[in-house]
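Q: I am new to this structure and would like to learn how its strands can be read. Could we go through them together, beginning with a pair of bridge partners?

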Amino acid sequence: MILRQGREPTLAMLLLLSSAGLLSASTAQLSGRVVDENGNAVAGVVVTLTCPSAPEPLVAASDASGRFVVSVVPGTCDLKADKRGYYASVSAGLTIPDRPSELEVILIHVKEFEETVNVVYSAPVIDPQQTESQTTLTAEDAVDIPYPSTHDFRNALPLMPVAIKDNSGRIHLNGAGENQIFYSLDGFNITNPVSGIMESRIAVDALRTIQVQSSRYSAEYGKGSAGALALETSRGDDRFRFLATNFIPSFENHDGLMLSNWMPRATISGPIVKGRAWYFNAIDLQYDSNVTEELPSGANTSRNWFGSNLTVLQANLTRRNILTSSALFNFQDSVHWGMSPLDPLETTRDRDERFYFLSIKDQAYFEGGWVLETGLALSRQTGKMIPMGAGIYTISPQGRSGNYFVSASGMTERIQGIANVLVPTVTWSGRHGVKFGVDVSRIGYRRSANRRPYEIRRLDGTLVRSAEFVGPSAFERESSEFGAYVQDRWTPIEQLVFEAGLRLDWDQILRQTTASPRIAATYSPRRLRNSKFSAGVGIYHDAPNLSLLLREMDQQRIDTIYAADGITVREGPAVTRYVAAEHSLAASYSFNWSLGWEQQLPRSFYLRSNFIRRHAYRGWFFEQVAEPAALDSGARVLLLRSNKKDSYSFLEMSLHRRFWDKYDWFLSYIRSGARTTAVMDYSLENPVFGPQAGGPLDWDAPNRLISWALLPAPRLKKFSIAYFLEWHTGFPFSIVNECQQIIGPPNSFRFPDYFSLNLHVERRFRFLHYEWAFRAGFNNVTGHRNPDVVNNSINSPDFLQFIGGQGRVLTGRIRLLGKG
């Protein structure tokens, strides 16, 4: 921390005296601003003043502009500023004058390799002014805790109680679909405008924090009815830094020695102009050669190349004007993508994808406390998928054969602008912190698909169903979106905070203005020390689901069903049409209320409990409707409706403790339920059909337990032990007959319970004047069978046979941390 006094800095801090009125003859108002080593404001810092004249420590928290205010009796106090991800800032014997004074506190981000040993780690603290129900992973958590495929930040999300990975590898936050979350990168919307999900890849080393807000979050976050995921990228500083990980490839013996995977990643950062401008660059590559043991040798390997590069530049034009820009590039080149025990090599396809994201943002701090933030960003994603040939694709109870029936290409893009204003603190019946802003987007989408016929056959090989496609296969669509919000944080007394906000959104698709009001409060009673109670309620809207809306513009499918001889036509040909009457659709939203309790327990344990209840209304889904008279006989019409209802309940009980200043231990039990009134997701390329019905969502896991830690190894200096334990109820699935028709209620069966324990040991050492870290250990050390594929065809002799999943795996990692 730096305290400014006149123009002469002390070793710890500089004290800036400013002119303002006294609160009373015996009490002064101490205000300040918390910034990081690059001059960026740091919100959510807990500032604690311990003074002999006060019976209890005085606690304040910094707001979005980094400012904090505390009333204190003049004298000598000890000051400490804490926030996870930063070294604590401590000043003993700080003199508080009898007139108003202002501090500037500088917090330094935690570095994986510390150049000095006299650093103080921030302790877990309760932020008395945080109303949101949020979970944060720091860069250290994402690097230290052992989870599979540590190169991609999304694989770290299950370390949070609010995130779970389904059998297809998709991450679901707060019990919702991926398209119900608002994803942002340094404040910019990074969601795919068509699918509604985040498809971009960002290396773990490129991020400072990963923050998920589940309830009671600000009106600044829109177009995500189930929560918000915010990513903060790293920055350079005045020291040149280089870090490299996993630069040594690994090999396996599968019919000879072969390169199995190689996942190098590296970061480089430093000053452009010391104290004024910095650069940061993170690059990661991934090569996978995946062998499916259940398939024949020589035809059981798929290969993938993935990569990303993130560049961030920051220039402090003046002390009160900060300019940042970033560029993110992703690529994917996959050969034999989609291979599995039931999908042999001939059914796979090659995929080629590119993603570009460019942004620039300006932050201006004005006299009096006004803050103006403006920004502009452009994102574009292109992709194509090519099957292995033109053979007939066949589905049977034993799996798939032939060549996949779809080849496709597409492009999505978004141009967006943002502007946010933070108003100086207003004193009226307490303190008010007001923030308001707007965001504007222009999105575009183009797609072309060539679909060939496919067949569904019985176990004896006779034809049971065939499908072909007609109509135009290329289309495009554009839209505009506009949003505005205002948020007021009111502190009537130091122990009580209210936060109320209103968000308005409009888009060119629905041409409706939606209002999303929300209110939250937090209370820290003096009689119950080190505790906080929170509550909130709000309405949160989703962005229009273009992936559903645009199915009307795509091709039509013609299905024919055959009798037992495989020749005689039993039904059809029947045309399947998707109809989306935009004028009849409503914007989907959720009503979300929650309660929270945080408590510091004896021996520095921290307890957190959250209960969240979400009811989602007007969800979009396709439903088969009675055949209109205008349509030909035999037509099957799927009408896009907006009356689906989802429900989600979530109860979390978590314990957190920090040992020896910097080693974290975490334990959490989660009880949840995620259900919907419409499970079926009809699409042209999904052969499964049946009546629309309710049931649990595909990622519903009623019981879940997670625990992770990084701890020093007993009696072994420079050794550490890390583990990640996860257990949860198995996911639901549906069963089908030989015609791919749902049998019984959807999602009425479940996979076996999932259990995994990853256990790793790391040793840090110095070699050639550099600091290194070598880690080795086992993922799923118990070898528990965690299948992710099931034969769900009731006509198959292998019905309900579970296969796939990851067994016990020995893994290693080497990191170059820096020069000693």
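This is a predicted model: local features need pLDDT of at least 70, side-chain atom pairs count only at pLDDT 80 or more; totals for chains, interfaces and linings use all residues.

Q: In which sense do strand 12 and strand 15 pair, and over how many bridges?

A: Strand 12 and strand 15, the latter covering residues 228-233, pair in the parallel sense over 4 bridges. Strand 12 also pairs with strand 13 (residues 188-189), here in the antiparallel sense and over 2 bridges, and within strand 13 the bridge partner of Ser 184 is Asn 189. The hairpin of strand 12 and strand 13 has 2 residues between the strands, and in this hairpin Asp 186 takes a positive phi near 55°.

Q: Which way do the side chains of strand 12 point, and are they buried or exposed?

A: In a regular strand, side chains alternate between the two faces of the sheet. In strand 12 (residues 182-185), Phe 182 and Ser 184 point one way while Tyr 183 and Leu 185 point the other way, and all of them are buried.

Q: What is the order of the strands in the open sheet of 4 strands?

A: The order is 4-3-6-7, and the pairing in this open sheet is antiparallel. Its edge strands are strand 4 (58-61) and strand 7 (89-96), each of which pairs on one side only. Neighbouring strands of this sheet are turned by 25° against each other on average, with direction ignored.

Q: How many bridges join strand 3 and strand 4?

A: Strand 3, made up of residues 46-50, pairs with strand 4 over 4 bridges in the antiparallel sense, and Val 59 in strand 4 is the bridge partner of Thr 48.

Methods. Residues are numbered from 1 along each chain as its sequence is written. Side-chain values use heavy atoms; hydrogens and water are left out. Two strands pair if DSSP finds at least two bridges between them. Axes are lines fitted to C-alpha atoms, for helices over the stretch in contact, and angles run from 0 to 180 degrees between N-to-C directions. Buried means under 20% relative accessible area, exposed over 50%, partly exposed in between (1.4 Å probe, protein chains only).
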